[in-house]
Amino acid sequence: MKTILNSVKNIEQIFGVLAKKIQRPDLIFITVEKKQVLSVLSHLRDIEEYTHLVMITAIDYLEQGKFQILYLLHNYKNNTDLGVKTFISREDAHMYSAHHLWGQVATYQRELHEMFGIDFPGSPRVNENFALEGWEGIPPMRRDFDTLRYSQETYNFRKGRATNDPKKYMKKNLHKE
Amino acid sequence: MSLKNFVAPFYVWKRAFEKPLTNTKPLETRPGAAAYRGFHVNDIEKCIGCGSCEEICQNMSIDLVPVDGIETKDGDSGLRPRIDYGRCCWCALCIDICPTGSLNMTNEYTWLEEGDGDVDDKFIFTPGVDKKNWNNLELGYKRPVDYEILEYSKIKMTIMETAERSDSFIEMVKGYSKEEAEREADRCVACGICVATCPANMDIPEYIKAIREDDLNEAVRLLYKTNPFSNSCGRICTHRCEDACVLEHRGESISIRWLKRYIMDNVSSEEIKSSLADEFTKNGKKIAIIGAGPGGLSAAYYLAKLGYSVTVFEAKEKAGGMLRYGIPEYRLPYDELDKDINYILSLGVKIEYNIRIGKDKDFDDLYKHFDSIFFSIGLSKPYSMRVEGETLPGVISGLKFLDDVTMGIDPKIGKSVAVVGGGNVAMDAARTSKRFGADVTVVYRRRLEDMPADLEEIVEAQEENVEFVVKAIPTKIVENKGKLYFSWNNAKMVEQKDGGRPKPVAIEGDITTRTFDTIISAIGQAGDFSFLPKEIEEKLKFKWGKVITDKSRQTADSKIFAGGDVVNATADAISAIEDGHKAAIGIDRALRKI
Amino acid sequence: MFDLDRKKYPKIDDGKANFELYSHKYLKLWHGPQHPGVTGNMALELTVSGDEIIDLKTHVGYLHRGFEKLMERRRFIQCFPIVCRICVPEPDTNEYLFSAAIEELAGIEIPEKAIWIRTLNLEMTRLASYLMWVGGQAGALGLGAVGQWAIAHRDYVLDLFEEMTGARVYHMYMVPGGVRGDFPQGFVHRLEAVLQKCEKLIKDAKIVMLNNSVLQDRLVGLGIITPEMIDKFGIVGPNARGSGAKRDVRKDNPYLKYNELDFEIVTETDGDGFARLKVRFREMSQSISLIRQIVSKMPKTGKFHVKTPNPLHWKIPVGETYLKAESTRGEYGFYVATDGSGFPRKVTVRGPSYTHAVSLLEYLGVGVNIADIAGLMGSLHTYPPEIER
């Protein structure tokens with residue numbers, strides 16, 4: 001039986017791996033170059049028996065101007081998870097579409113397009129709304145979208161809400177000045 | 001399609017004859033489970049309004065609001081949580097974190113409001129204040145036993161073993177390591193209740209936060225905002241802030257003092273200089289300060305920062321006042337005190353040593369040549385015991401004794417020593433005598449719990465085998481062949497009718513006499529104002545031997561400011577520091593006429 | 001099952017119908033978001049030709065509360081009242097996965113007793129969730145009475161949860177560091193009483209649902225998932241097991257105490273709605289058996305919580321992890337990334353319905369009779385909130 005370490009080694013040799021993190025014996029994250037992602041995914045799916053796509057998700061590293069995209073794959077033969085990560089520029093956020101590899105990829109890509117503003121050219125229905133029909137403004141999962149400000153601008157707080165900070169309140173009242 | 005599959009479903013018709021699964025109408029009221037997370041109750045007497053509930057509430061549903069009948073005082077913000085049930089999700093994190101344990105939940109879960117008006121503000125209420133029908137319910141979610149999300153025990157401070165420290169003047173408290181300090185700092189809930197209790201109003205939560213974030217330079221900046229004697233205070237402060245700590249209610253308070261010491265222990269003098277980066281331009285005005293104790297020097301520090309030329313007149317040969325001459329070296333090593341003083345001196349503050357105003361230099365002289373005068377001369381006149389034989393050789397005052405030890409003069413005490421009094425000076429005298437190899441007995445009028453000394457000083461003295469004789473009123477001292485025969489009248493405590501503290505009353509005829517080589521009297525001290533010229537002394541106002549000042553520490557003479565033990569009632573270092581700071585601001589305002 | 005002449009319907013190619021909408025031969029229908037046949041708040045945009053669905057689009061967003069985003073501005077302990085809301089009928093899976101992920105990233109080990117209580121909690125929530133599913137599936141196919149019994153029995157389980165955790169639906173019981181309390185005296189007896197009630201219900205419901213020719217007519221052959229489709233669509237849980245896949249996270253990657261419990265992976269081979277029905281009924285009985293095993297093996301005393309750092313300033317070092325558990329719908333996962341601050345950098349929830357209710361349903365729904373679409377959704381056991389966390 002192939003082990004996860006073998007699979008990672010194969011990826012390292014064939015495609016090159018930028019970074020590797022063994023989180024648990026059954027969970028490893030590898031980082032590959034953006035242009036290699038689709039080949040790595042196909043290789044993992046077809047050769048290394050990582051046949052199950054668990055999910056695709058992104059993280060906004062605003063301070064570094066990058067998005068991290070993570071493809072998490074599972075191998076049912078040896079029951080291990082392998083996360084394939086890549087970083088793309090935040091300025092020109094687009095990624096190669098992997099919709100041809102698994103049936104659910106198009107949905108994930110549609111969601112990432114809506115929530116992060118990452119484009120996946122060629123992905124079916126990628127421009128359709130997913131959960132946010134009628135949304136205006138920046139994609140809400142980006143770090144620069146401030147949920148508190150949004151809710152303060154959009155909704156009303158209940159009347160009569162006001163709070164006091166104990167430290168300041170005591171300073172005001174105890175007159176040690 | 002088999003016949004069986006057609007007929008089989010009819011089998012369950014039998015359920016039609018069973019008891020229904022639903023409740024019958026009219027609805028039976030069904031009480032929530034014993035630990036149900038229902039509506040809140042708050043014991044407002046126990047609650048101190050620390051705001052931890054508000055801090056942890058992820059829904060922003062808690063506000064802290066003033067409540068009628070609850071006063072803001074030391075250790076109680078006077079605020080109480082008010083909950084918006086439009087936002088609450090009953091996760092009970094507020095109950096889990098509540099450091100006093102006052103906030104709890106009941107198993108009540110129905111609340112109906114009648115009327116067709118605006119219901120917008122109906123479901124906001126202050127538990128424990130607003131009358132609700134669930135206020136007296138017993139059942140409901142309480143933080144389970146064995147489940148705490150805060151740490152209620154202090155990180156233990158390493159202290160020198162008793163045997164090792166009893167004859168040594170080496171500093172006995174070792175200080176926290178980085179890891180220990182960060183863990184201790186982590187316990188803080190940052191409520192800020194302690195800030196009001198600290199006489200100097202130091203921003204305690206913020207410097208503790210700086211420790212957590214390992215930003216000691218920022219911590220130093222925060223400390224020096226209100227206290228230029230942080231290194232000393234980190235060792236000997238009376239830490240009343242710790243009594244106000246919210247964790248004290250169900251556990252042990254944060255070791256705020258040791259954390260302050262940790263900051264100062266881990267920054268060098270150069271780092272203090274670079275992180276404070278004090279810059280100022282001289283404004284040409286001159287200030288005279290009498291007494292180089294914590295009050296005088298902290299005034300000097302803040303005045304120097306405001307651009308004043310400061311000259312400090314000190315009667316002794318070194319600066320530090322009671323920090324140097326009153327507090328023994330094993331509690332505050334002189335090097336550590338010098339670290340504080342040297343930074344103040346580096347700002348250009350001048351100290352003229354061995355100048356006693358009124359003797360070596362006239363007060364009028366200062367009055368004429370300086371724009372303003374601040375005096376913080378401390379209490380140097382020991383109270384008399386008013387017993388026969390008090391003036392015998394071998395009977396000395398605690399202050400003199402500690403003074404001599406500091407200056408390296410042999411205090412000439414014998415093998416057995418009695419210390420009279422129960423304050424910090426008495427404890428220091430007793431423990432210092434112990435370090436000279438004497439057997440020490442502390443004689444105190446009242447009970448152990450009435451002693452004004454810090455609890456830890458009493459405990460440490462006991463650990464060092466100092467004997468305590470309490471409820472003993474000294475009556476006389478007789479000398480015979482070099483031995484002192486010290487008699488006291490044993491007393492009983494009598495409750496006072498007006499609710500004042502119990503008073504010791506002598507039990508007739510119950511007299512104990514023991515012999516000692518030396519008797520140290522440390523029953524308190526008063527200020528010595530003989531340095532003031534007659535007309536000024538008449539002009540200034542006094543009460544109970546203390547100078548009366550206004551909030552900016554200005555005396556009745558607008559040119560004279562005063563602070564420290566001769567002004568405040570608490571007579572400790574941190575209050576003197578605060579007086580110095582306030583006087584500096586007051587002097588600045590007075591001179592700039594704003 | 002539709003062995004009709006398909007010539008008048010548009011050609012279906014790889015699950016997609018090829019048609020001209022404006023030819024007036026087709027009708028667009030909204031099924032949901034407020035429709036008794038739709039589980040939860042989601043909508044199906046159906047294009048029908050006659051009573052056959054020729055195109056289906058899933059619309060979500062009616063429940064979007066942005067939990068993943070909200071967690072980015074909440075301290076670690078403040079997240080656990082939120083995560084349970086991601087799945088209403090089965091909140092504990094979320095609580096467990098979030099807590100366990102935080103514990104892994106922060107390097108916290110929880111006491112033995114807490115592990116057992118968590119296992120018990122997860123199995124109880126599986127039972128409650130299946131009971132709710134019986135309600136949905138039976139109701140969608142016209143067996144309203146069975147649905148009502150099942151929902152009533154779920155409430156008995158919720159009574160137990162109320163006693164154990166202090167709340168009925170959103171338990172908020174598992175926190176990083178363990179659980180929030182031990183369960184009360186006599187709980188085990190009341191638990192056993194409820195299990196017996198449930199067993200009786202399962203027996204009756206099986207008779208009504210499995211030995212029912214009407215139901216068989218409607219479910220056999222409905223929404224066939226072939227073994228090839230499993231990996232293509234990322235199908236997990238009973239939906240995959242109904243097609244013969246021997247996959248169960250509890251066995252494949254045992255978590256908590258599942259490797260000390262005795263159970264087998266339940267599979268059926270037909271791959272249609274009826275096979276999935278059988279899988280779920282067998283798993284309900286399995287859950288009851290597991291609950292009994294857990295209760296008998298569990299330590300009676302011990303600590304249930306280990307202290308974590310002060311929750312107000314708790315910072316977790318940079319890291320990322322993925323944890324999963326077997327919910328009633330299959331592999332449920334939490335991906336948590338931390339950046340050394342006091343807040344999670346990113347939490348992504350992998351709900352099994354994400355694939356089942358969107359890409360898979362859009363594929364399976366084509367060609368289904370409009371009356372059966374509710375039954376199909378029921379047989380895929382979808383919960384919308386985990387799609388749009």
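## Ground rules

Helices here are DSSP runs of H or I with at least four residues, strands are DSSP runs of E with at least two, and both are numbered from the N terminus. This is a predicted model, in which local features need pLDDT of at least 70 and side-chain atom pairs count only at pLDDT 80 or more, while totals for chains, interfaces and linings use all residues. Residues are numbered from 1 along each chain as its sequence is written, chains are lettered from A and ligands numbered from 1 in the order in which they are written, and side-chain values use heavy atoms, with hydrogens and water left out.

Let us start with helix α7 of chain B, residues 204-212, which is mostly covered. Of its 9 residues, 7 are buried (under 20% relative accessible area with a 1.4 Å probe and protein chains only; exposed is over 50%, partly exposed in between). The buried set consists of Ile204(B), Pro205(B), Tyr207(B), Ile208(B), Ala210(B), Ile211(B) and Arg212(B). Their cover includes α5 (166-174) of chain A, along with α5 (178-186), α6 (193-197), α8, α10 (240-244) and α11 of chain B. After α7(B) comes Asp214(B), with a positive phi near 55 degrees.

Helix α8 (residues 216-226) and helix α11 (residues 256-265) of chain B meet at an angle of about 120 degrees, and their axes lie 9 Å apart. Axes are lines fitted to C-alpha atoms, for helices over the stretch in contact, and angles between N-to-C directions run from 0 to 180 degrees. The crossing of α8(B) and α11(B) is left-handed, a label used if the near helix is turned anticlockwise from the far one by less than a right angle (right-handed if clockwise). On the α8(B) side, Leu216(B), Ala219(B), Val220(B), Leu223(B) and Tyr224(B) take part, and they meet Lys260(B), Tyr262(B), Ile263(B) and Met264(B) of α11(B); contact means heavy atoms within 4.5 Å.

## A parallel sheet in chain B

Chain B also holds an open sheet of 5 strands, paired in parallel and ordered β8-β7-β6-β9-β22. Two strands pair if DSSP finds at least two bridges between them. At the edges sit β8 (350-352) and β22 (560-562) of chain B, each pairing on one side only. Neighbouring strands of this sheet are turned against each other by 20 degrees on average, direction ignored.

Inside the sheet, β6(B) (residues 286-290) and β7(B) (residues 309-313) run parallel and are joined by 5 bridges. Here Ala288(B) stands opposite Thr311(B) of β7(B).

## An enclosed strand in chain A

Strand β2 of chain A (residues 27-31) has 5 of its 5 residues buried, so it is largely enclosed by the rest of the structure. Both faces are covered: Leu27(A), Phe29(A) and Thr31(A) are buried on one side, Ile28(A) and Ile30(A) on the other.

What are the partners of this strand? Strand β1(A) (residues 19-24) runs antiparallel to β2(A) and is joined to it by 5 bridges, with a hairpin linking the two through 2 residues. Within this pair, Lys20(A) has Ile30(A) as its bridge partner. Strand β5(A) (residues 80-89) runs parallel to β2(A), also with 5 bridges, and Leu27(A) stands opposite Asp81(A) of β5(A).

## An antiparallel sheet in chain C

In chain C, 3 strands form an open antiparallel sheet in the order β8-β9-β10. Its edge strands are β8 (319-327) and β10 (344-350) of chain C, each pairing on one side only. The twist from one strand to the next averages 15 degrees. Strands β8(C) and β9(C) (residues 330-338) share 9 bridges, and Thr321(C) has Val336(C) as its bridge partner.

## Overall form of chains B and C

Chain B contains 21 helices and 22 strands. Its radius of gyration is 31 Å, well over the 25 Å that the globule rule gives for 594 residues, so chain B is more spread out than a compact globule. That radius is taken over C-alpha atoms, and the globule rule is 2.2 Å times the number of residues to the power 0.38. The C-alpha atoms of chain B fill a box of roughly 120 × 65 × 45 Å along the principal axes, and 57% of the 594 residues count as buried.

Chain C contains 13 helices and 10 strands. Its radius of gyration, 21 Å, is close to the 21 Å that the globule rule gives for 389 residues, so chain C is as compact as a globular protein of that length. Its C-alpha trace spans about 70 × 45 × 35 Å along the principal axes, and 69% of the 389 residues in chain C are buried.
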